[in-house]
Amino acid sequence: MPDVMIVVPTYDEIEGLERTVGRLRQSVPHAELVIIDDGSPDGTGELADRLAKADAGTLVIHRTERGYRSAVIEGMRFAMSRGATRVVVTDADGSYDADGLPELLAVSQSGVDLVIGSRFVEGSDVRNMGPRRRWAAQIGNAYARAMLSTGVKDLTSSLRVYRTRILERIDLDAIEVDAYAFQIAMAVRVAQAGGTIAEVPIGFIERAVGSSKMRVFEELATLGAVTKWGLSGVRALPKPPR
Ligand SMILES: Nc1nc2c(ncn2[C@@H]2O[C@H](COP(=O)(O)OP(=O)(O)O)[C@@H](O)[C@H]2O)c(=O)[nH]1
Ligand SMILES: [Mg+2]
């Protein structure tokens, strides 16, 4: 039974998946890794099957439905069903440097409920992120910080380590938003469940292969969701890590 489960949602990631999985497995060999593929037309699912066949620590879930949020939640539930105490979620494109994962896991091990691999704290190393995406992420994060009264600098990072004990206390089905807003909603839920949140600086190199599945729509939807939450009094005030 693995203590740590790494969840990698994929949609059309045939170019980067093998390298990303290899780096994650190397960085944290004691963890299991599950790829959640939503019937990618480019053959990512078949590649995932080949990777799983070659490595007992790599697993695959094929889904017929499509969606980032539902894929991540399915991965979280799978991890919990296998008895993991920590769930890592990360992208298949390799943009979040897998070398930083052991440090995130060490912070998680010390008892922090949500550890965020942060692009926007001192010590982070962000490369190749075009000015538009960087600007959108920074403005979006500053707005969410102000609206939700939180000090978390990178609420939209998709490299995270959750303790399953906090996930068990969150009604995951009640989350209706997807993509970046889902990341923010999860931080809010962790805080509301009485959880602790810490940020650890990471290396981030914007994807060099394949293309982003997120659109301007997701950015605008995130601003809309944050505005709605902020005005209705939703706050993300995590307990500081001890
Ligand atoms: N299973 C699944 N994975 C998805 C879906 N949409 C995006 N992803 C994956 O989620 C991760 C983040 O998406 P990405 O396009 O890199 O977002 P960005 O980093 O914000 O540009 C990648 O591994 C994608 O392949 C989806 O609908 N289903
Ligand atoms: Mg990405």
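Arg133 counts as partly exposed in this predicted model, at 27% relative accessibility. Buried means under 20% relative accessible area, exposed means over 50%, and partly exposed lies in between (1.4 Å probe, protein chains only). Glu206 counts as buried, at 9%. The side chains of Arg133 and Glu206 meet in a salt bridge, with an N to O distance of 2.9 Å. A salt bridge is here a side-chain nitrogen of Lys or Arg within 4 Å of a carboxyl oxygen of Asp or Glu. Arg133 lies in helix α5 (residues 131-148) and Glu206 in the loop between β9 (203-205) and α8 (216-231), so the pair ties together parts that are 73 residues apart in sequence. Helices (H or I, at least four residues) and strands (E, at least two) are DSSP runs, numbered from the N terminus. Salt bridges with shared partners also join Glu13, Asp93, Arg207 and Lys213 into one network.

The model is predicted: local features need pLDDT of at least 70, side-chain atom pairs count only at pLDDT 80 or more, and totals for chains, interfaces and linings use all residues. Residues are numbered from 1 along each chain as its sequence is written, chains are lettered from A and ligands numbered from 1 in the order in which they are written, and side-chain values use heavy atoms, with hydrogens and water left out.

Across the whole structure, the search finds 17 salt bridges. One of them joins the side chains of Glu32 and Arg82, at 3.0 Å from N to O. Glu32 lies in strand β2 (residues 32-37), and Arg82 lies in the loop between α3 (68-81) and β4 (86-89), so this pair ties together parts that are 50 residues apart in sequence. Glu32 is buried, at 15% relative accessible area. Arg82 is partly exposed, at 30%. A salt bridge also links the side chains of Arg63 and Glu74, at 3.4 Å from N to O. Arg63 sits in the loop between β3 (58-62) and α3, and Glu74 in helix α3, so parts 11 residues apart in sequence are tied together. Arg63 is buried, with a relative accessible area of 6%. Glu74 is partly exposed, at 33%.

Arg160 presents another case. Its place is in strand β7 (residues 160-163). Arg160 is buried yet has no salt bridge. The nearest side chain of opposite charge, Asp154, is 6.7 Å away; Lys and Arg count as positive and Asp and Glu as negative, while His and the chain ends are not counted. A polar atom of the Arg160 side chain lies 2.6 Å from the backbone oxygen of Ser157. The side chain of Arg160 also makes a polar contact with that of Tyr162, at 2.9 Å. A polar contact is a pair of N or O atoms within 3.5 Å; within protein, one must be able to donate a hydrogen and the other to accept it, and residues adjacent in sequence count only if both atoms are side-chain atoms. Beyond four places in sequence, residues touched by Arg160 include Val88, Leu114, Ile116, Leu155 and Met186. Contact means heavy atoms within 4.5 Å.

Leu105 is found in helix α4 (residues 101-109). Leu105 is buried, at 6% relative accessibility. The C-alpha atoms of Leu105 and Arg160 are separated by 9.5 Å, although the residues are 55 apart along the chain.

Ligand 1 is surrounded by 19 residues, the closest being Glu13, Asp38, Tyr180, Ser212 and Lys213. A residue is near a molecule if one of its heavy atoms lies within 4 Å of it. Backbone N or O atoms approach ligand oxygens from Gly67, at 3.0 Å, and from Lys213, at 2.6 Å. A polar side-chain atom of Arg207 lies 2.9 Å from an oxygen atom of ligand 1. The protein covers 96% of the 570 Å² of accessible area that ligand 1 has on its own. Accessible areas come from the Shrake-Rupley method with a 1.4 Å probe; for residues, only the protein chains shown count as cover.

Two backbone angles complete the description. Most residues other than glycine have a negative phi. Phi of Ser149 is near 50°, a positive value. Ser149 is found in the loop between α5 and β7. Ala179 has a positive phi of about 55° and lies in helix α7 (residues 179-192).
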